Amino acid sequence: MGEQTFIKTRPAVRPSRKTFSKSFKVDIVLLLTTLALLGFGLIMVYSYSWGFSMLEYETPEAAASRQLLWGLIGIAVATAVVFIDYHIFQRLALPVILITILALILVLIFSGGVQDTRGTLFGSSVQPSEMAKIAIVIYLSVWLYSKRDTLQKISFGLIPLAAIVGLVGGLIARQPDISAALSVIILGGALFFMANSELRQIILLVLLILLIGAFIIFVSPNGRNRVIEYWNGLQDFSSASDHIRFSLRAIVEGGVFGKGLGKGSVKVIGLPVAWTDSIYAVIAEELGLLGAFSVLGAYVLFFWRGIRVAQRAPDQLGKLLAGGITFWIVFEALINMSVMVNLVPFAGNPLPFISTGGSNLVTTLAAVGILLNISRQGIDQPANERSEVAAYRRSRRDRRRSVSGARRSPNAKS
């Protein structure tokens, strides 16, 4: 009888323990990968930015201190986002995209228009083109989710999507920030594909993206020059741009194990913008191919966990948000690294979590917060299923015991 009482009261203890821990479950691998990239980025900022920091702020550690401050702000934003249900973006998506469009317009009005290649506001503290990337992911995810039953019609699917992406991308291209404009356009296409849209519309969208991308590149003198330099570099290394030649030199001089942290020389003798666009070349010179491939591996790990979060999301909105954010961050990283070895034309995409820049760091960490939020809600589903299966098996065992006990009772009397 004592045993039976213990078995009956035991399930009453387990739910309280699960309820207590439920709110704290996130994708630990994704969280640790993000923190590792962020910590590594802060170390590299101090390593490669001291010369820039001396020129810009007159102290060698100022740039690293600013990056640390932005990182702490980004962590605070991400932490807040983790504990806010991502479905709130169904109400916030429209205000977010409208504020972003307004900020992009203000850049053209107050920050020099077409003469400003890095359109910023508030004394270079805010870069709306970086905000636009996460804004387009949020808005299109919510929009595609709400229109999921009518996406098969071009008038409800492809045309409205092309309009909003074209507006945001066009405003960014006018700064001009060609790489950010193309990133927004490609993000729109990727999200449309993730929404399981009609194959015919996907093909049309791919053609449209190629045409718009070609138009933006060749209308812009800067874009044309980058493509020409890229093509010349493929034909003859000596004809490549200074940027590519110095980045390849840094990679070659780094060898397998690198020169050592802080001991790179190419960053101070000619490598352009070593603290932002060219940071991967600095990593390769100071930490060698071992360090460069380790960073690449970290982004591959991030991609795997992000896709896993998308697969386990509780609904289509979560899948689109998680898939869009993962694609955006990893796409930016791959473009940045590919440029350094002349695999693609030069683009100004930062290396997420590592390149210097407050707007990019805060928006990227906020996006990771959304990913972790989705993982909190999706990660419990398999656990719940396992608990239901376990409860079912326990009930079957209890029934078998009761039946076998009933069968043995007559023998016991005899």
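On one side of helix H9, the residues Leu210, Leu211 and Phe215 are exposed. This side lies opposite the buried residues of H9, which are Gln201, Ile202, Leu205, Gly213, Ile216 and Ile217. Seen down the axis of H9, these buried residues fall within an arc of 130°, so they line one face of the helix. The elements that cover them include H7, helix H8 (178-194) and helix H10 (221-235). H9 itself spans residues 199-219, a run of 21 residues, and the distance from its first C-alpha to its last is 30 Å, close to the 30 Å expected at 1.5 Å a residue.

These features belong to a predicted model of a chain in which 16 helices and zero strands are found. Of the 414 residues of the chain, 45% count as buried. When contacts between residues at least 6 apart in sequence are considered, 75% of them join residues at least 24 apart.

Helix H7 (residues 158-173), one of the elements covering the buried residues of H9, also packs against helix H6 (residues 128-146), the two axes coming within 11 Å and crossing at roughly 175°. Because angles over 145 degrees count as roughly antiparallel, H6 and H7 are described as roughly antiparallel to each other. The contact is formed on the H6 side by Ser129, Ala132, Ile136, Tyr139, Leu140, Trp143 and Leu144, and on the H7 side by Pro160, Leu161, Ile164, Val165, Val168 and Ile172. Classified by residue type, the contact of H6 with H7 comprises twelve nonpolar residues and one polar residue, with no charged residues.

Asn342 has a positive phi of about 60° although it is not a glycine, and with a relative accessible area of 9% Asn342 is buried. For Phe353, likewise a residue other than glycine, phi is positive and near 75°. Phe353 also counts as buried, at 1% relative accessibility. Both assignments rest on the cut-off by which buried means under 20% relative accessible area.

Notes: Residues numbered from 1 in each chain as written. Predicted model: local features only at pLDDT ≥ 70, side-chain atom pairs only at ≥ 80, totals over all residues. Heavy atoms only, no water. Axes fitted to C-alpha atoms, helices over the stretch in contact; angles between N-to-C directions. Helix = DSSP H or I, 4+ residues; strand = E, 2+ residues; numbered from the N terminus. Parallel < 35°, antiparallel > 145°, perpendicular 65-115°, else oblique. Contact = heavy atoms within 4.5 Å. Nonpolar A, V, L, I, M, F, W, Y, C, P; charged D, E, K, R; others polar. Expected span 1.5 Å × (residues − 1). Buried < 20%, exposed > 50% of the residue type's maximum accessible area, 1.4 Å probe, protein only. Arc of directions from axis to C-beta.
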